[in-house]
Structures are given as C-alpha cells and as structure tokens.
Amino acid sequence: MSKTSVGYGKSPGAYKDKEKPFQIRESNISAAKAVADAVRTSLGPRGMDKMIQSANGDVTITNDGATILKQIQVLHPSAKMLVELSKAQDIEAGDGTTSVVVIAGSLLTAASKLLSKGIHPTTISESFQRASGKAVEILTDMATPVDLNDRESLVKIASTSLNSKVVSQYSGMLAPLAVDAVLRIVDPKKPDNVDLRDVKIIKKLGGTIEDTELIDGLVFSQRTAGSGGPTKMEKARIGLIQFCLSPPKTDMDNQVVVSDYAQMDRVLREERAYILNLVKQIKKAGCNVLLIQKSILRDALNDLALHFLTKMKIMVVKDIERSDIEFICKTINCKPIASIDHFQPEMLANAELVEEVTTGTSKVVKITGIANPGRTVTVLIRGSNKLVLEEADRSIHDALCVIRCLVKEKALIAGGGAPEIEVGQRMSEYAQGLTGMEGYCFSAFAEALEVIPSTLAENAGLNPISVVTELRNRHAHGEKTAGINVRKGAITNILEENVVQPLLVSTSAIRLAAECVTSIMKIDDIVMTM
C-alpha cells in the first residue's frame, strides 16, 4: 500500500481514500459524535440534567437538548453542525431536540463503519437520504390520525413531552394548560398552522408552579405607574400611545440660557400648560387606561404628566417594550397612537376590567373581559426560584410546540422507542431486497435507529442489550406498539401507558439527522480563510 493512501477492505474493487480526506472525515465524525455523546444521557424520562454555568455566573439546569447545545461552547465546525441541527429540530417540531442529535451521532458511527468497508462516501450519503425517505414512509404508515377536538388525546401527548422535564411532577397541570392555549389561538382561516408568538409567556417569582395560570386576556409584568392613581378600572377604555408625555426636545443639541427668574418661571409655565393640554385631550377622548411605549430619546412620561393623569383618574402602565406592541394590538384590538392629533375615541379598545393584582412578591396588571378579543392568550408562570421558573418556561414551550405539531400534521405514533424498532425491522427486511452497496447502507441505517431504545433503556437503568433484543422479538411477532415502560422497567404495550408523540417529531428528527450526516460525509477538506 502506498504512503499517500489508506486502503479500506480487502477486495480489489474497494474504494481507497487518500490520507488527508480520510483524516478530515475521521476528525469530523469524532467531533460530531462527541457532541452527541454529551447530550445522550439526557434522553428520556429518566435522563440526567445538565448544570450549565455561563461566564457571568448564571446557572441553568435543564435536559432540553436545544438549550444545552445552545449554551455550550463548540469550536469544531462539524460539531457546530450538530448544534445547528438541534436548533432546526426546535424550529420545525419544538420537541425531540435531544433525539435528533443522538440519531445523528449513531448514523455517523454507522457511516464510519461503512467507510472502513470501502464504500464511497457519496454512495453512503445518497443511500442515507433514500433510507430517511423510506423511514418517514414507514412511520407515516404506522401513524394513527388524531382529531383536534379530542382534548383528552392532546393532553396525553403534551404529558409525554413533559415527562422527561425537571418539572415533570406538574405535567398533570401544565399539559392541559398548553393544550387549551394552542386550541384558543388556532385560526379557522389557517387550520394547518399556529403562530406561537400569539402565546405570551410571563414569568413571575413567588408561589409554586401550581400557581401558573392561563389568562384569557392581557398581562403586563410591570405595575401601574406612580402612587395615588387608580389601580382598578371597570368599563375600561384603553389607549396605547407611542408619543411622549414630557416636554418637547429640540432636534439638535443646544443650550438655552435663562438669565432671570421671570424667564425661568415662564419656561416652567409653558411646560406645564403643554403637558396639561396633552392630558386634557387624552381625557376628552374618553380614555381611562393609558398604555405608554418605552422611549429611548427622552422620558416617555415625566412626573408632572403623571401627576395630571392621577388627578384625572386615568390608570397608567408605562415602559411597554416596542416588541410587545403588535401582541397588545392583536389582543385588545386597538391601534397604536403615534401623536396627540390622532388620539380619537375610535382608536381606543374596550375591556370589562383592568386591575393591578399581587403575585408573590410583586404586582402585575391584568386586562380581562376584552370587547373584541384577538386569538391570543397569556400564560403567567409562577415559581419559587429563577432556575425552576426558567425550566418551566422551556417545558411549557416544548408542550406548546408538540400540540402545534399536531395542528400541522394531525397524526400520532407510540413513544418509548417503539417506532424506531419497528422502522429498523421493516427497513432491514427492505434492505435484503436491494442489491449492491445500497443494501449495506440501508441495513446500517436501520441498525443505527436502535440507538433511541438502547439509550432510553440505559438511562432508565435497564440492560440495553436484553431490552433491545426483547423489543426486536416482540416487533417481529407483530406487536407494533411494544415499547420501553420506564416506570415498570419492562417492555409493555406503550399505548396503554399513554406514551404517545406527534408523527412530525419523529419524521423531522430522522429527516434532519440524515441531512446533517450527508453534509458531514461529503466534506473531504477544511480550508481556513483569513
């Protein structure tokens, strides 16, 4: 064998790779597998959590694959591809972010073995792409359709996604909350998609996760401005303004020199008259609740304006972020008012009640009984400390995404490693009918999918070899829904345990993992540029 090439396989027709591409591929595969191994222990209901400490000292405790990979520092370019892969799965399905990375790691191990047999990387890439298409076909064939009106099934699916989270003991309460939130924002005009930006999540310290509530209305995390003003307003007329209730400011930087007290007094009088005029016009339009957008140029609301608004019994909520304006307008069905000239009665929204309520150690403002409500909803999460609060937020997001998957593709499959074993078996049978290198690649792909049940068993403290062997046996005898029951530590019919997941989570995980592995296999050099 020459020094410039590395030979794989002993047959004369075997593909021989040159030294450098071989080393690059090995390096890419081992770097990507290291990332997959890092999150592998977090898979499943008995998976371990990771404690991540950032440079500024913030600590995060989670077992959400996308969150872990987003926060760890990855230097190798192909390892970064797995981080992007989990982000893509998070965007597409919202759940299965750990599974997709684990599957990709297993496929890379399979690809490495195929390379050592002398199979060309392009052949492996193309076969894996076709195999992923076949796997999706088999999963679709196994799936059972679901009706969005069947709330009980939806709650079971949301519970399955929450079972592997830190806050799993509250899944009985959070799952129905996530289902109700998504069903409330489904637009009949677009029944095949849901925009999760229509669910506003607000986190407040104090209380426990059991105090988390779904509010059909609007909640502001800040309290009402000033003291002495109204904190409760029935039959509210709400105005949302984007201009400032403070003295006007010149366009250019300049200085005004006031030489005597009479001039100073006149400036203050003018300022007072200007602000009083603004407030009178607001009152004249019939507004009794004023929402003020935050300003970066000058004070959005100064003390004098607040004093006048309090005198006129107008409730004020200030420092509203620009990013929240669209959600507020959609929820209470109003338009933002850019100048005082446009402050007309028809620009206002109506609501039964606006009140400041105490939650834990702080206060929030709630708007309920909106006259023409939009298809939005607010979730107020409560937690005893910041770590629990953040994890509850991530868990609810995952549950919302799972229900969104069912709106996109109304079908579900069993969980607990059952679909992966079934796909593996059916693909192995299919591979036997293929000729040439493709048959090898399909068999390797089928075997690689068994990493999911094997990892679930390992994380639950079971013997992965005996569990996977028994699963194969059960599925070979036609038990399509036999899966790993981690509660009993045995193989049971997983549907009886209500462990189900949306079809989209599994299909998108297999498709994205295969695409990522294909990309890594096709790289034969890394070029550094300045």
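Colleague: How much space lies in the largest pocket?

Modeller: About 750 Å³. A pocket is an open set of points on a 1 Å grid over the protein atoms alone, where a 1.4 Å probe fits, with protein on both sides within 12 Å along at least five of seven lines. Its volume is the space filled by probe spheres set on the points, which are joined across faces, edges and corners.

Colleague: Before we go on, what am I looking at?

Modeller: This is a predicted model, where local features need pLDDT of at least 70, side-chain atom pairs count only at pLDDT 80 or more, and totals for chains, interfaces and linings use all residues. Residues are numbered from 1 along each chain as its sequence is written, and side-chain values use heavy atoms, with hydrogens and water left out.

Colleague: Which residues lie nearest the centre of the largest pocket?

Modeller: Gly44, Pro45, Thr160, Leu456 and Gln501. The lining has 41 residues in total; a lining residue has an atom within 4 Å of a point.

Colleague: And how do those divide by type?

Modeller: 16 nonpolar, 18 polar and seven charged. Ala, Val, Leu, Ile, Met, Phe, Trp, Tyr, Cys and Pro count as nonpolar, Asp, Glu, Lys and Arg as charged, and the others, Gly among them, as polar.

Colleague: What about the second largest pocket, what volume has that?

Modeller: About 580 Å³. It is lined by 25 residues, and Ser106, Thr109, Lys113, Glu447 and Ala448 lie nearest its centre.

Colleague: Which element gives the most to that lining?

Modeller: Helix α4, with seven residues. Helices (H or I, at least four residues) and strands (E, at least two) are DSSP runs, numbered from the N terminus.

Colleague: At what angle do α4 and α14 cross?

Modeller: Roughly 115°, with the axes of α4 (residues 97-116) and α14 (residues 451-459) coming within 10 Å. Axes are lines fitted to C-alpha atoms over the stretch in contact, and angles run from 0 to 180 degrees between N-to-C directions.

Colleague: Which residues make the contact?

Modeller: Ser99, Val102, Ile103 and Ser106 of α4, and Val451, Ile452 and Thr455 of α14. Contact means heavy atoms within 4.5 Å. Four are nonpolar, three polar and none charged.

Colleague: New topic. In what sense do β16 and β17 pair?

Modeller: Antiparallel, over four bridges. Strands pair if DSSP finds at least two bridges between them. Ile484 stands opposite Ile491 in β17.
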